[in-house]
Amino acid sequence: MDSHAIITALTPLVPGAAYEAGASIDFATIYVPADRLVDTCLALRDAPSLRFNVLVEVTAADYFPRDPRFEIVYHLVSIPNRLRLRLKVRAGEKGAVPTVQGVWPSAGWLEREVWDMFGVVFDGHPDLRRLLMPEDWEGHPQRKDYPVQIRKPAQTYEPLEISEEEFKANIERDRARRTAR
Amino acid sequence: MGFGLWPQPEAYSRKPTGFIMAELRTETMTVNMGPQHPSTHGVLRLVLELDGEVVRSIRPTIGYLHTGIEKTAEQKKWQQVVPLVERMDYLGAQSNSLAYALSVEKLLGLEMPQRVKDIRVVIAELQRIASHLVWLGTHALEIGAVSLLFYAFRERELLMNINELIAGFRFFPSYIRIGGLREDLPRGFHEAVNAFLDRFPGKVDEFEGLLSRNDIFLRRTQGVGVIAADGALAWGLVGPIARACGVDYDVRRYFPYCGYETYNFEVPTEQEGDVYARYCVRIREMRESVKICRQAITRITPAGAWACDDPRVVPPPKDKVYTEMEALIQHFLIYSQGFTVPAGDAYVPVEGPRGEHGVYVVSDGTNRPWRIKMRAPSLLAIQALPTLVEGGLIADVVAVMGSTDVVMGDCDR
């Protein structure tokens, strides 16, 4: 099935959604408007002629000077029908994309990684925290306007709760105990 | 979660007997496991909430091994990325570089000679065996069968020697390049591979003799960490984990690459979906890999084409560089400027040791990748870990985690 065949199959299932066939050299690619993404994914998963039952990958690409700058890319596999499909959703700097975790639970961490790396917000995601970077990291490293080869200490430790004098006193006390024994 | 996949605590076959537990019920205990726990296969941190010995919840924390390989790759030329992607999933190094090379070749529109495809098949299958041997040794070690680690690593040593033979590098050979291979096969490659293939099935029998009917091993693995087929697919666990619950999805069979459709092999599946079923699937996969290697190695002539015939991508032979001006210019261009790749994106999946591998590459038409993204089977396996473990016993956590065969380098990238 090429992109146009999938759009033809989808259009009656999701009325009013404007799909767009994307250029691709490997398998079908369609652009999905962000507001109809969840409906589209449910139709793709459940329609008997499609049955895309596995979401193998969610990622994004930052085409920086272009607007909208992000493309969120979903790779789907239909095991019963031996099909692959790539969905693309355009998202701007401030735009949000609905989460598809309710359709395929595997989207959970994959969307978290996209948020971590690109700063794209997934609406309705129950646990949108950093996944790979430290919790207190600033910025989203995979963005094209994020500097490379910077040195930045990771703030992942807690400050000591005792003072230096107390620490030394503890050591002295332990040493005294050892020698007394 | 509405999938109804794993046993509820009361249905669990080995729940603690109730007569003391009912009276002594206290608050739950939170235990930190990792990041330096040896059975976490790298640096994975698990925060377990325990009710006695029963795991009530498990929260994995990852990212300790994040090295920003994908960002680094955007600063490199296309061919310089090959060693980088090999370091992502460090146990399945050459299936990473195969996935990357196939994706970029798709963008370039290159078709490989048959001999290159066959050599890549041999290398990918040997890599699968090497990865499964590490998994088998460490998994058995964690469950208590310590000696198997040494037997498995002894066989893996032979595969490392083959890597050293073809590329001089044992762990990350970078032998698969965009446009073909680094160079032709060395003398003695066929002999080394054939010697390994003759020896190895007997060794798999030995491994199975130690484990497959071992009462302790069976009790530790059967009925533990069960996941059903629809659950495995919903969590994206395509690969050995899904095959252990009856899904016969294998990229080599469903979306063939490198001519896998011309090989005669089976896709091993089991029905139970527990730790033991995953063990059986991987053991049988090793036997199938031997079968594929035997077929491939007979097709490979000792000398012949080792790269495609495209002077944009493939450097000229060294003797021509020293004698011909055009070859010198071409050599210089490839190593100083690299080659450009037509704008577009591609994703060619391959069946790696841990499931579907693939590199999503985006090109903007220059000599550096705009974006590369490795599909990480380990990330999805760790994401599904709570589903596999919760409601089970704490002693089963390491058994289940070993059976998912996670590699943190793949997970964190």
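What is the mean pLDDT of chain B, and what share of its residues reach 70 or more? In this predicted model, chain B has a mean pLDDT of 86, with 93% of its residues at 70 or more. The elements of chain B span a range around that mean: helix H1 (residues 18-21) of chain B has the lowest mean pLDDT, 53, whereas helix H12 (residues 275-299) of chain B has the highest, 92. For the complex, the predictor reports an ipTM of 0.82 together with a pTM of 0.85.

We turn next to the interface. Here 26 residues of chain A are in contact with 34 residues of chain B. On the side of chain A that touches chain B, at least two residues each come from strand E3 (54-62), strand E4 (70-78) and helix H3 (107-118) of chain A. The largest share, six residues, is supplied by E3(A). Sorted by class, this side of chain A comprises 16 nonpolar, six polar and four charged residues.

Val350(B) counts as buried because 26 C-beta neighbours lie inside 10 Å, and the cut-off for a buried residue is 20 or more. Leaving aside residues up to four places away in sequence, Val350(B) touches Ser95(B), Leu98(B), Ala99(B), Leu102(B), Val251(B), Tyr257(B), His357(B) and Gly358(B). One of these partners, Tyr257(B), is 93 residues from Val350(B) along the chain, yet the C-alpha atoms of the two are separated by 7.3 Å.

Note on methods: Residues are numbered from 1 along each chain as its sequence is written. Chains are lettered from A and ligands numbered from 1 in the order in which they are written. This is a predicted model: local features need pLDDT of at least 70, side-chain atom pairs count only at pLDDT 80 or more; totals for chains, interfaces and linings use all residues. Two residues are in contact if their C-beta atoms, placed from the backbone, lie within 7 Å. Helices (H or I, at least four residues) and strands (E, at least two) are DSSP runs, numbered from the N terminus. Ala, Val, Leu, Ile, Met, Phe, Trp, Tyr, Cys and Pro count as nonpolar, Asp, Glu, Lys and Arg as charged, and the others, Gly among them, as polar. pLDDT is the predictor's confidence in each residue, from 0 to 100. A residue is buried if 20 or more other C-beta atoms lie within 10 Å of its own, exposed if 12 or fewer, and partly exposed in between; C-beta atoms are placed from the backbone.
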